Amino acid sequence: MKTPIHLALLAGLALGAMAAGPAAAQSVLNIGLQDDPDTLDPATNWSFVGRHVLQSLCDKIVDIDQDGQIAPKLATSWEWNDDSTQLTLHLRDDAVFHDGTPINADAIKYNLERDLNMPTSRRKSEISAISSVDVLDDSTVQINLSAPSVPLLAALSDRAGMVISPKAGEELGENFTNAPVCSGPYKFVEHIAQDRIVLEKFDDYYDADSYSFDELIFRGMPDSNVRLLNLRSGQLDLIERLSATDVAATEADADFTVLPVVGLGYYGITFDIGGEGANLDAGKKALVRQAFSLAIDRDALNQVVFEGQAATGNQPFPPASSWYDKDFPVPARDVEAAKAKMAEAGVDSVDLEVLVPTDAERQQVMQLVQAMVGEIGINISIKPTELMTLLDIARQGKFQAHLVGWSGRVDPDLNITPMLSCGAAGNDAHYCNEEMDKLLTEARALKDPDERKAIYNQVIAILQEDLPIVYLYHSKWIFAMDSGVEGFKAYPDGIIRLAGVTAE
């Protein structure tokens with residue numbers, strides 16, 4: 001192998017006072033992310049890259065396995081009552097936070113109530129069905145719901161299920177992100193914005209033996225070419241989101257390993273419909289958005305940008321998903337039909353500003369879309385915008401459209417409700433369809449997948465008409481790493497998990 005994993009002599013690197021004599025050699029895993037996370041507080045984080053860091057920093061109530069099924073984590077088992085309005089969790093008894101305080105039922109109650117009640121929380125819509133949380137004993141939590149909500153358990157496999165130290169949460173308040181105290185296999189050392197995040201191994205973690213590295217260093221690098229160059233030069237050991245155009249060459253190099261997995265999420269163009277920045281034509285007229293969608297050649301996007309490795313899409317779920325509605329297949333490009341929709345809307349031309357993250361891949365996608373929709377009179381002005389800035393602008397509704405992805409969840413509700421239900425924290429479109437919300441509520445009460453599927457088909461029919469999001473494609477999560485990294489497994493949510501990973 002060309003470049004071994006880095007062994008750094010760390011002499012007192014923000015780890016406490018310098019010990020006498022030479023420092024011990026420590027293993028360091030250098031990880032390249034597409035962006036710098038917005039926050040390191042699981043209640044307020046909204047960036048995908050933040051989930052990579054939080055996975056190692058903050059333990060979850062449950063997790064998922066490689067098949068996308070719910071798996072035990074802090075909760076070793078659970079059960080629902082008959083009508084899905086009560087979820088009881090049974091907790092492990094050997095877990096502690098990084099400050100030494102115990103993870104018990106009181107701590108779970110604190111975290112769920114924090115997610116529900118903190119003004120800046122982005123988890124509210126994900127767990128809004130919770131009406132109260134009861135502590136039955138130190139290791140048993142009863143979650144009571146205001147309405148049946150089967151997707152709640154899946155929500156607890158992500159940031160809504162991540163727990164922080166109640167002691168630190170109370171002491172730090174809104175400043176928690178600057179010095180997070182969680183419970184994962186690694187604890188916080190430092191975060192230098194737009195440079196690096198450093199975590200060190202937490203020796204008192206209940207499964208510490210499964211984690212080999214003494215230190216993790218995450219670096220945000222928006223350009224996939226830069227991430228790959230740093231991997232090749234040995235500055236990074238593992239990178240996420242290798243560009244599809246680099247897969248063949250990297251796979252052919254014996255010094256590196258490439259590992260792709262089909263993702264659960266989507267990429268699409270979200271239109272501001274109810275916010276103050278809404279475009280009076282594209283934002284206010286569904287016919288214009290329908291024309292926009294018809295003007296796009298999704299197959300061409302896939303071939304040109306992703307060399308055919310993505311999946312074209314037009315719904316919140318990829319076509320291979322069991323939740324996909326085959327009655328609404330991915331539309332072929334139809335310029336004449338698109339022009340007819342524009343005429344029906346009474347619009348000759350539309351000037352539309354689209355915010356696009358600065359990475360080369362999404363810029364290229366938007367440039368192709370720009371050329372395609374330009375043929376029907378929709379004139380796009382592309383505004384490259386740093387991701388965290390873009391998300392902040394979007395939350396305020398001060399935009400016309402943006403190209404952003406959703407990383408996807410194992411439960412279908414969580415690919416729709418957090419982004420499109422009325423008043424949801426992540427509803428950038430400021431879209432509200434009460435009929436759709438009623439259907440989503442009905443689906444959340446059902447345990448039978450076939451019964452739920454029938455209702456989601458009705459939801460898809462509404463979204464195909466309203467198109468608050470024009471879905472474009474579903475990408476693979478493509479990881480690349482030094483060939484000395486062994487034991488790494490790719491999960492369908494695209495999140496880096498390091499249990500069992502070793503390196504030469």
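## Getting to know this predicted model

The structure shown is a predicted model. Its protein chain carries 40 positive and 76 negative side chains, with the centres of the two sets 3 Å apart.

User: Hello! How many helices and strands does the protein chain have?

Analyst: Welcome! Both kinds of element occur in the protein chain, and the count comes to 14 helices and 22 strands.

User: Why is the protein chain said to be as compact as a globular protein of that length?

Analyst: For 504 residues, the globule rule gives 23 Å. The radius of gyration is close to that value, so the chain is as compact as a globular protein of that length. The C-alpha atoms fill a box of roughly 75 × 55 × 35 Å along the principal axes. The radius of gyration itself is 23 Å.

User: Is Glu190 buried or exposed?

Analyst: Glu190 sits in strand E9, which covers residues 186-192. Its relative accessibility is 18%, and the cut-off for a buried residue is under 20%. Glu190 therefore counts as buried.

User: Which side chain joins that of Glu190 in a polar contact of 3.0 Å?

Analyst: Leaving aside residues up to four places away in sequence, Glu190 touches Arg196, Ile197 and Val198. The side chain that makes the 3.0 Å polar contact with Glu190 belongs to Arg196.

User: What is phi of Ser84 near?

Analyst: Most residues other than glycine have a negative phi. Ser84, in the loop between strands E5 (75-80) and E6 (86-91), has a positive value instead. Ser84 is also buried, at a relative accessible area of 1%. Its phi is near 60°.

User: And what is phi of Leu467 near?

Analyst: Leu467 belongs to the loop between helix H14 (449-466) and strand E19 (469-474). With a relative accessible area of 6%, Leu467 is buried. Its phi is positive, in a residue other than glycine, and near 45°.

Note on methods:
Residues are numbered from 1 along each chain as its sequence is written. This is a predicted model: local features need pLDDT of at least 70, side-chain atom pairs count only at pLDDT 80 or more; totals for chains, interfaces and linings use all residues. Side-chain values use heavy atoms; hydrogens and water are left out. Helices (H or I, at least four residues) and strands (E, at least two) are DSSP runs, numbered from the N terminus. The radius of gyration is taken over C-alpha atoms; the globule rule is 2.2 Å times the number of residues to the power 0.38. Lys and Arg count as positive and Asp and Glu as negative; His and the chain ends are not counted. The place of a charge is taken as NZ of Lys, CZ of Arg, CG of Asp or CD of Glu. Buried means under 20% relative accessible area, exposed over 50%, partly exposed in between (1.4 Å probe, protein chains only). A polar contact is a pair of N or O atoms within 3.5 Å; within protein, one must be able to donate a hydrogen and the other to accept it, and residues adjacent in sequence count only if both atoms are side-chain atoms. Contact means heavy atoms within 4.5 Å.
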